[in-house]
Amino acid sequence: MPRTLFDKLWDAHVVVPETADAPAVLYIDLHLVHEVTSPQAFTELRQRGLPVRRTERTLATLDHSTPTLPAGANGELPYYTAEAKMQVETLRRNAAEFGVRLYDFGSGHRGVVHVIGPELGATQPGMTIVCGDSHTSTHGAFGAIAFGIGTSEVGHVLASQCLLQRKPKTMAIEVDGRLGAGVSAKDVILHIIKSIGVEGGTGHAIEYRGSAIRGLDMEGRMTLCNMSIEAGARCGMVAPDEITFDYLRGRPLAPQGADFEAAVARWRALASDDGASFDRVVRIDAADIAPTVTWGTHPGMGAAIDASVPADDDAQTVKARAYMGFEAGEALVGHPVDVVFIGSCTNGRLSDLRVAASLLRGRKVHPRVRMLVVPGSEAVKQGAEAEGLHEVFRAAGAEWREPGCSMCIAMNGDLVAPGQTSVSTSNRNFEGRQGKGARTVLASPATAAASAIAGAIADPRALRADQ
Amino acid sequence: MNPITRIQSTTLVLPQENIDTDQIIPARFLTTTERTGLGRAAFYDWRYDGEGHERADSLLNAPESRGRAILVAGRNFGCGSSREHAPWALLDYGFQAVISSEIADIFRSNALKNGLVAIVLAPDQHAELLARPGIELCIDLESMSIRDPHGWRAGFTLDAFARRCLMMGVDQLGYLLAQRAAIEAFEER
């Protein structure tokens, strides 16, 4: 019987099959760990006298609670709170005690966990990958089953390298045709979530298919898969192809030499069979996708940038509009902006920074706007600086920061003030997400850069036309 | 974990749809390395103003809300991040069960692992509970039903394994560790 890619990967990782009485025991190939969701799991192991079962399948870094300003004159990093510093030190202690590899400050690879996994080549096709972070779906871009777990499950994987899981349903999202100029992977996923809703993917594993998806580079596919969780999906994936293999070739933790070619031969088989059936199929015409932003307080409240804020009068829309400071029927373009954030596991990679820099080169950030550019990892920072992108951002008046999650989750002190409007390349626009009372407009790097220049929500296509 | 067979309480209704985990516990409370004491952070920005004073207009602060163990929430409760701090905070606040017509996957999994009974009801029955805040309910895991004292009844389903763990008060790690031989055999394949 023809099988989907998801079915194939699932079947290959079943240790004990699912029954009516018990979920499957599913083997996990790669476990990514960060400081926020792991301390209580290590405590559990310590209390039970358990070791980490597979340290070589476990990889840790520091990203959520870390400052994005460099160390001061005293050599101390400016942690937001003593508790944040203690959380970082706790992961250092746990990693040393349990023998887990930690990509720490100065390692050259510390960064947002979903940026460094792929960039190290740790993320590979065919794998099962988990992390105590909902945006683990990012790694599905390589043709892997990748999903976020809670802290109890972090403990399960540390101790047993397995998880108890019920098999989700499958959903195909097919995007065919050519994307318009100025339309990026971020716009595609915001358009998808707007179309299927924030609970549209609940209980499902998504496979993104179609010519528009095949045409995305790996960083675009990561942006796409990253926000699968914002549609409620368990995970999202793209079948691997030459673009995937080219990205991975030569990465430090990928197979090397003849082993790599052997791996590619295996990876080529990782695709849904012709005639494989999905529980649900959604078809989207790429030509219908415009640069897309959110106007409300969840990622499904989005609209094409040249559209208006909905004038609907249902309670949810009214509440969201009021929180965001939008008028019913107001044009999105031209709405004043106070903060622009470029970064995060969604859009903090080198290609994202290149797009933003290309629009900012020779221009200035509007005087009203505070703009933060936060590279996704130490390697992204290094790569950007080698190309002089940091100089472009600084010359335009933006702040060039150290890597981390920063203003996406705003738990390290990088905050949007109450009532301020932020155009952000991150993934969540929930009330208070970027700071108490902060108003978040989700957007692509191009839209964010164009908005920084205008001091208001701006259509990047108009700016490009000026050039 | 204590075994749970039955939860009896008046309900607290938060009818908003898509209550995300950033509302349940804002990210700034996630720097803890413990899982205890998070009840104060539960719905913090709904319960406290910018100066940290209790908001009088928050149902969650009302004296009559205290001790209510059953939360009835609008559709798609718990969407957003995977933070297990969300069920930890709700449990520490005093909730033992949450009922909605849709509950986000990761939140539900986290909740059930911690003894917070996450129940999905059919939309019409869910709507009835939303419309009748503060009623007395009894959730019975044995019969997988919810009743009020006047004969209203709704059935629900719960994953058989999660239900058994709840009713026996056992956590799932012990079960996984008992699969060691199968895991070793898989690794040698």
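Me: How much area do domain 1 and domain 2 of chain A bury between them, and what makes it buried area?
Reply: In this predicted model, the two domains bury about 1900 Å², 64% of it on carbon and sulfur atoms. It is called buried because it is accessible area that the two parts lose on being put together, summed over both. On the domain 1 side, A:Leu5, A:Lys8 and A:Ala141 lose the most, together 30% of what that side buries.

Me: Why is the pair A:Asp273 and A:Lys8 called a salt bridge?
Reply: The N to O distance is 2.7 Å. The cut-off is 4 Å between a side-chain nitrogen of Lys or Arg and a carboxyl oxygen of Asp or Glu, so the pair qualifies. The count between domain 1 and domain 2 of chain A is 1 salt bridge, alongside 11 residue pairs in polar contact. Helix H1 (5-12) and strand E7 (145-148) of chain A each supply at least two residues of the domain 1 side, and H1(A) gives the largest share, 5 residues.

Me: What makes B:Arg35 and A:Glu44 a salt bridge?
Reply: Their closest N and O atoms are 3.7 Å apart. Across the interface of chain A and chain B the rule finds 9 salt bridges.

Me: How do you know which residues of chain A touch chain B, and how many are there?
Reply: A residue counts because it has heavy atoms within 4.5 Å of the other chain. By that test 59 residues of chain A are in contact with 54 residues of chain B.

Key. Residues are numbered from 1 along each chain as its sequence is written. Chains are lettered from A and ligands numbered from 1 in the order in which they are written. This is a predicted model: local features need pLDDT of at least 70, side-chain atom pairs count only at pLDDT 80 or more; totals for chains, interfaces and linings use all residues. Side-chain values use heavy atoms; hydrogens and water are left out. Buried area is the accessible area (1.4 Å probe) that two parts lose on being put together, summed over both. A polar contact is a pair of N or O atoms within 3.5 Å; within protein, one must be able to donate a hydrogen and the other to accept it, and residues adjacent in sequence count only if both atoms are side-chain atoms. Helices (H or I, at least four residues) and strands (E, at least two) are DSSP runs, numbered from the N terminus.
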